[in-house]
Amino acid sequence: MPVPNQIGSHKKPSARAPARAASGSRSPPQAGARRAGLGCAAPSYGSARLANLVSPRILAYGSARKPSRLMVSERLMQMSSPSSPTPVVTRFAPSPTGYLHIGGARTALFNWLYARGRGGKFLLRIEDTDRERSTPEATAAILRGLEWLGLDWDGEAISQFARRERHAEVAREMLARGAAYKCFSTQEEIETFREAARAEGRSTLFQSPWRDADPASHPNAPFVIRLKAPREGVTVIEDAVQGAVTFGNDQLDDMVCLRSDGTPTYMHAVVVDDHDMKVTHIIRGDDHLTNAARQVQIYRAMGWAVPVFAHIPLIHGPDGKKLSKRHGAVGLEEYQAMGYPAAGLRNYLTRLGWSHGDDELFDDAQAREWFDLPGIGRAPARLDFKKLESVSGYHIARAADAELLLEIEAYLVAAEKPALNAAQRDGLRQALPYTKERAKTFPELLEKAHFALTTRPLELEPKAAAALDATALGMLRDLTPQLQNASWKREALEATAAAVAEAHGLGLGKLAGPLRAALAGRIVTPSVFDMMLVLGRDETLARIGDQVA
RNA sequence: GGCCCGUUCGUCUAUCGGUUAGGACACCAGGUUUUCAACCUGGUAAGAGGGGUUCGACUCCCCUACGGGCUGCCA
């Protein structure tokens, strides 16, 4: 687990490094030339590295069909080939407006897997520019969630809000480059424009009258800085998951980069931050696919290298609808509180919307090795708790006892259940080998380990009490002296029990039921012999004695 | 409304023009068994619909339907 991270550190070299250190070494921008010559009919990647990504066909005809996934993946492979030393840098950039959404957790997981599998970096950035909705509590919840899921990030989490000066600086530079302009239109004017457009059935995308205005005519009034986006041609996103996605530039308006109060918009801040953080691969929800087109225009306006985009489908609820609170658990913490092990959730979430052939169950090392962008599906996946349970059971069964114990205690805290006392912890530790193989969740495991957590006198469940009828008690009485002398080994105990049952002309099953009831007070438990081994001779005899007395 | 994305068993998915369309979860049946499980064996179950292209389409193209996203001085 990473050391607790501080938000908003200004010491972060990657965050505060001057822009020229990053962009100065890259190929010179060609955006200007392209805009003049081609009207931006073709994507103008500011980097030779990324130019590989685009097939000649796409470059020549922006509206060309999307290439097959194979074509895309081949180009991606070229990119990460040894000839390209660029280290992979991914990031997770949640808004701190609530809990960590399970879908967001999966996005973080994909980014983490991709970076970690390639010796790259996984960064965390908190998008807290919306001061109204951002809270420190939400940030803390996100960090806590990521730590629980086992997704460690490099360096300190970066606060986007803390970087607002840098965002403004870039906006001003765009202004200086002629790639942006000051817009003095008021919100009311824009609204009026939109209403009129709607009424006439025109596009409601705002067209500012200030786009080509003479600076001499600028009033002394508040203004926003808008991107001077190309109006002709198309913008193509070469997406590692969705393929080439083409947007007509007439669908993209001159978005606001800097608000009239001097703060950056999300669209602008992401691009600046991703560039400054040297992010090479942006893996995020496909609700950002359209945004990507607008963001690419900012990259081009600044002559920056465009990162690889991978827009992954969102997770849906079991009914196929967008995952929301009415589906039950949406926050990652709820999953911890339900008692799923982190490793199981990682495995399940990784497999949800991504595949590596028929592989279903794997550990982190395998996931890191196998995870790749072409394996990501394009359709939204539904949450299936049955499968989550199954996968979780697999991971509980193969977890080391010591770690399991720690995780179970953390679960107890998360679920707001009473903590284990020393005796219970010890009992659970001993019962673990006999219970973990058959539990899908921690509460289920605890239920099966109940016999080792409880103390005499046992409270009998009604069904357990019913199992202790006269015949049963008779057998238990006969069993007692045998147990006092038996060797406390599984085989010996089995033989002893079988002999007593046989003496009564019954099968072992007829004895096991009552014995189970006496030892655990319940009828759902591990093997009676396993329980006897865990309990020890004295406790076993005492519990039987409590019933036969 | 406009633009963009998606659609293989109930669910997650494999399939990269030629397969009896495979696996996993779930479900059903049987086996094993000291309960619940776990485990073993077997089974039911799928290419949204319609047109093309092709000797041959789940795979490529078009249309329709359905689902989702974007269309903000939110992120």
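The legends below describe close-up views of a predicted model.

Residues are numbered from 1 along each chain as its sequence is written, chains are lettered from A and ligands numbered from 1 in the order in which they are written, and side-chain values use heavy atoms, without hydrogens and water.

**View 1. Cysteines Cys183 and Cys257.** The structure contains 0 disulfides, a disulfide being a pair of cysteine sulfur atoms within 2.5 Å. For Cys183, the nearest cysteine sulfur is that of Cys257, 12 Å away. Cys183 counts as buried because its relative accessibility is 1%, and Cys257 does so at 0%; buried denotes under 20% relative accessible area (1.4 Å probe, protein chains only).

**View 2. Strand S1 and its partner S2.** Strands are DSSP runs of E with at least two residues, and helices are runs of H or I with at least four, numbered from the N terminus. S1 (residues 89-92) is covered on both faces, with Val89 and Arg91 buried on one side and Thr90 and Phe92 buried on the other. S1 runs parallel to S2 (residues 121-126), joined by 4 bridges; pairing requires at least two DSSP bridges. Phe92 has Leu124 of S2 as its bridge partner.

**View 3. Packing of helices H23 and H25.** H23 (residues 490-503) packs against H25 (residues 528-548) at about 125°, with axes 10 Å apart; axes are lines fitted to C-alpha atoms over the stretch in contact, and angles between N-to-C directions run from 0 to 180 degrees. H23 is therefore oblique to H25, the class left after under 35 degrees (roughly parallel), over 145 (roughly antiparallel) and 65 to 115 (roughly perpendicular).

Note on methods. This is a predicted model: local features need pLDDT of at least 70, side-chain atom pairs count only at pLDDT 80 or more; totals for chains, interfaces and linings use all residues. Buried means under 20% relative accessible area, exposed over 50%, partly exposed in between (1.4 Å probe, protein chains only).
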